[in-house]
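The following exercises are to be worked with the sequence and the model at hand. Each task is followed by a solution in steps.

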Amino acid sequence: MRTLLWLCTGLVLCAPAPQQRAATEPALDPLERLKLGNQRYQSGQAAHFNQERDRRLDLARAQHPFALVVGCADSRVPPEIVFDQGLGDLFVVRCAGEALDDLALASIEYAVLHLDVRTIVVLGHERCGAVQATLERGELPGHLKYLARAIAPHIEDARRRIPAGAVEIAPDLLDLAVVQNVRAVVAELEACEPILSDLSHTGELRVVGARYDLDSGAVEWLPAQAAEPARAQRNSARR
Ligand SMILES: [Zn+2]
């Protein structure tokens with residue numbers, strides 16, 4: 001019993017304090033920082049560092065975010081919480097379904113050009129309502145139609161797989177569409193001329209796709225994908 005107590009005490013003493021982790025993490029690769037943060041969040045061990053008064057004062061005149069997240073506006077997927085990051089850590093651009101328009105692209109280009117962000121994560125998520133609505137109906141009312149028009153070309157393959165006469169979209173088909181949408185947004189960013197495409201081609205800018213699991217809290221990282229010329233051309237033509 002006493003041995004067990006010593007072991008437990010030793011483990012607690014050896015675990016780095018949140019302040020120590022905050023001090024050492026900046027040396028890590030940005031993706032590693034995001035992975036570690038998501039692991040803390042998933043396991044209920046979120047550190048919440050970089051949210052103190054001193055951090056706010058340090059950042060008051062300048063920001064140096066280590067990564068940019070293009071995410072869905074969904075209230076269940078706030079990147080700062082999902083990745084357990086604090087003030088000034090992430091530059092975040094959010095729109096339902098991770099949809100891009102010229103204003104979103106301008107925000108992304110600003111972060112790349114003026115804040116030297118070199119890692120972009122496109123974060124889709126399980127049961128995304130914007131993707132589901134586009135998958136089910138294609139055309140939506142009001143301004144929602146612009147959202148559907150942005151997402152629909154990304155998920156044509158998933159739409160073709162909907163069985164004739166289907167009343168409901170199967171969960172695995174929706175999940176396929178979510179991943180296809182993420183992959184398409186990654187490809188659009190990599191092909192977005194001239195700023196993002198130039199840096200992507202030289203390897204200076206990394207754009208990574210990921211899917212967030214609403215149930216487990218896990219961020220699953222999608223493998224790198226080959227460039228798709230057709231999509232790149234469409235992206236270029238839109239400019
Ligand atoms: Zn969503």
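**Exercise 1. Determine what covers the buried residues of α7, and identify those residues.**

Solution. The cover of the buried residues of α7 includes α8 (144-151), α9 (156-160) and α10 (171-191); helices (H or I, at least four residues) and strands (E, at least two) are DSSP runs, numbered from the N terminus. This is a predicted model, in which local features need pLDDT of at least 70 and side-chain atom pairs count only at pLDDT 80 or more, while totals for chains, interfaces and linings use all residues. Residues are numbered from 1 along each chain as its sequence is written.

Step 1. Helix α7 spans residues 129-137, and its buried residues are Ala 130, Val 131, Thr 134 and Leu 135. A residue is buried if 20 or more other C-beta atoms lie within 10 Å of its own, exposed if 12 or fewer, and partly exposed in between, with C-beta atoms placed from the backbone.

Step 2. These residues lie on the same side of α7 because they cover an arc of only 130° around the axis; the arc is that of the directions from the helix axis to the C-beta atoms. An α-helix has 3.6 residues a turn, so residues three or four places apart point the same way.

**Exercise 2. Which residues of α8 are buried, and which are exposed?**

Solution. Step 1. The buried residues in α8 are Leu 147, Ala 148, Ala 150 and Ile 151. Their arc around the axis is only 160°, which puts them on the same side of α8.

Step 2. Lys 145 and Tyr 146 are exposed on the other side of α8.

Step 3. Among the elements that cover the buried residues of α8 are α7 and α10. Here two residues are in contact if their C-beta atoms, placed from the backbone, lie within 7 Å.

**Exercise 3. Describe the sheet and the place of β1 within it.**

Solution. Step 1. The open sheet has five strands in the order β2-β1-β3-β4-β5, with mixed pairing. Two strands pair if DSSP finds at least two bridges between them. The edge strands, β2 and β5 (219-221), each pair on one side only.

Step 2. Strand β1 (residues 67-71) pairs with β2 (residues 90-94) in the parallel sense over five bridges. In β2, Phe 91 is the bridge partner of Leu 68, and Val 93 is that of Val 70.

Step 3. The pairing of β1 with β3 (residues 119-125) is also parallel, over four bridges. Gly 71 has Leu 123 as its bridge partner in β3.

Step 4. In a regular strand the side chains alternate between the two faces of the sheet. Both faces of β1 are covered: Ala 67, Val 69 and Gly 71 are buried on one side, and Leu 68 and Val 70 on the other.

**Exercise 4. Which members of the largest nonpolar core touch the most other members?**

Solution. Step 1. A nonpolar core is a set of buried Ala, Val, Leu, Ile, Met, Phe, Trp, Tyr and Cys residues joined through C-beta atoms within 7 Å.

Step 2. Of the 52 residues in the largest such core, Leu 68, Val 70, Val 122 and Val 131 touch the most other members. Helix α10 gives the most to this core, with ten residues.

Step 3. Not counting residues up to four places away in sequence, the residues that Val 122 touches include Val 70, Val 182, Val 185 and Val 186.
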